[in-house]
Amino acid sequence: MSSNRFSPCAAAIALGLALTAAGLTGCSTAARPPAAAGPTSTLSASAPAPAPAVPGVDSRERLTVDGGTREYLMHRPAADGGGPRPLVIAFHGRGADAENLRKQSGLDRAAEARGMLLVYPEALGKAWGAGTAPTDRRPDPDADVRFTEALVAELVRTGRADPHRVYVAGFSNGGSMALRMAAQRPDLVAGAASVSGELPTGAAAVKPTGPVPVLIVYGAEDPVRPLAGLPSPGPAAPGEEPITATMSARASAEAFAAAGGAGSPGEEGRPGYDSVTWPAGPAGAAVRLLVMHGAGHTWPGSAVPPPAGFGSVSTALDASATVLDFLSTGRR
């Protein structure tokens, strides 16, 4: 497997950490025209021309939890026959929002091709409580777990989501949030995928508690949240939420493999990336780690130019298609 070195680029790290660290009743919708699928970034100086709109129905919806209102974007497949669909909840990165992840990843198009219901929830303060420790700005570290549970319950209650095929995915801080849901709610989540996100450690540690198929996709040269982990993050900027310490990408995968009784890992070098797979044990939960050669804190296959200092985007694979193909094999 490719080794990782933490590039000492102060500006990139400061910007990156600012962007990557970190229940319901009632529902209202506000339909809008389908959004363009071509990834763009609110953080980049220039963006590609919009791609053709993805078929299907897009909406911004609201749900009330813990006495407050939370929002999410939803993409329903064009060929929606009205029955329950496999559900993918995709968490954006720190400092971003749902629309940013939608454009960065191009997940709409991949989900449309597979008939999956896709939901992008909005974080409070543009960051997820991916760790278990309270902070001054996030005194209740479990609020986002309850929000996600209630979001699933609402979509199942209304007949839109199949309770046996609920998946979580995310980028950076959102990837860590997806791993937290898989670790703490293996009875709810049938599969999880994280791009550039690792399991929290230290005071905010998250430990897998049961078998869940997990895919982790990581850049070998990530200068923001290194492949080797970030066990001792520096202080956050004044007024910002503290940066959550994380274990390495491989240790994150190993933790899920151990919790699911997966077999011994097999390693394989492929063009542009290294693959490590822990085969499914009796519980049927395989774990896979893909390390992208030369890639940074980015979404492989994205057309979005990343912010300065975030590193290169791998073109060795389409992360959106890879993630959804992996998730679609899981079922509760």
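Okay, ground rules. Since the model is predicted, local features need a pLDDT of at least 70 and side-chain atom pairs count only at pLDDT 80 or more, while totals for chains, interfaces and linings use all residues. Residues are numbered from 1 along each chain as its sequence is written, and side-chain values use heavy atoms, with hydrogens and water left out.

So, confidence. pLDDT is the predictor's confidence in each residue, from 0 to 100. The chain's mean is 86, and 83% of its residues reach 70 or more. Residues 1-52 have a pLDDT below 50, yet that stretch has 148 contacts in the model beyond near neighbours in sequence; a contact means heavy atoms within 4.5 Å. Where pLDDT is low, the predicted coordinates should not be read in detail.

On to helix α3, residues 107-114. Helices here are DSSP runs of H or I with at least four residues, strands are E runs of at least two, and both are numbered from the N terminus. Which residues of α3 are buried? L107, D108, A110, A111 and E112, where buried means under 20% relative accessible area, exposed over 50% and partly exposed in between, with a 1.4 Å probe and protein chains only. Their cover includes the strands β2 (57-65), β3 (68-76), β4 (85-91) and β5 (117-121), plus helices α2 (98-105) and α7 (319-327). Just past α3, G115 has a positive phi of about 65°.

Now α3 against α7. Their axes come within 9 Å and cross at roughly 40°; axes are lines fitted to C-alpha atoms, for helices over the stretch in contact, and angles run from 0 to 180 degrees between N-to-C directions. That makes the pair oblique, given that under 35 degrees is roughly parallel, over 145 roughly antiparallel, 65 to 115 roughly perpendicular and the rest oblique. On the α3 side we have L107, A110, A111 and R114, meeting S320, A321, L324 and D325 of α7. Those contact residues split into five nonpolar, one polar and two charged.

Next pair: α4 (residues 143-157) and α5 (residues 173-184), with axes that come within 11 Å and cross at roughly 75°. These two are therefore roughly perpendicular. D144, V145, T148 and E149 of α4 touch M177, R180, M181 and Q184 of α5, and the tally is three nonpolar, two polar and three charged.

V88 sits in strand β4 and is buried, at 0% relative accessible area. What does V88 touch, leaving out residues up to four places away in sequence? M116, L117, L118, V119, Y167 and L324. V88 and L324 are 236 residues apart in sequence, but 8.4 Å apart C-alpha to C-alpha.

A262 is in the loop between α6 (249-259) and β9 (266-270).

Last, backbone. Most residues other than glycine have a negative phi. D66, in the loop between β2 and β3, has a positive phi near 50°. S196, in the loop between β7 (191-195) and β8 (214-219), has one of about 65°, and S196 is buried at 1% relative accessible area.

Notes
Ala, Val, Leu, Ile, Met, Phe, Trp, Tyr, Cys and Pro count as nonpolar, Asp, Glu, Lys and Arg as charged, and the others, Gly among them, as polar.
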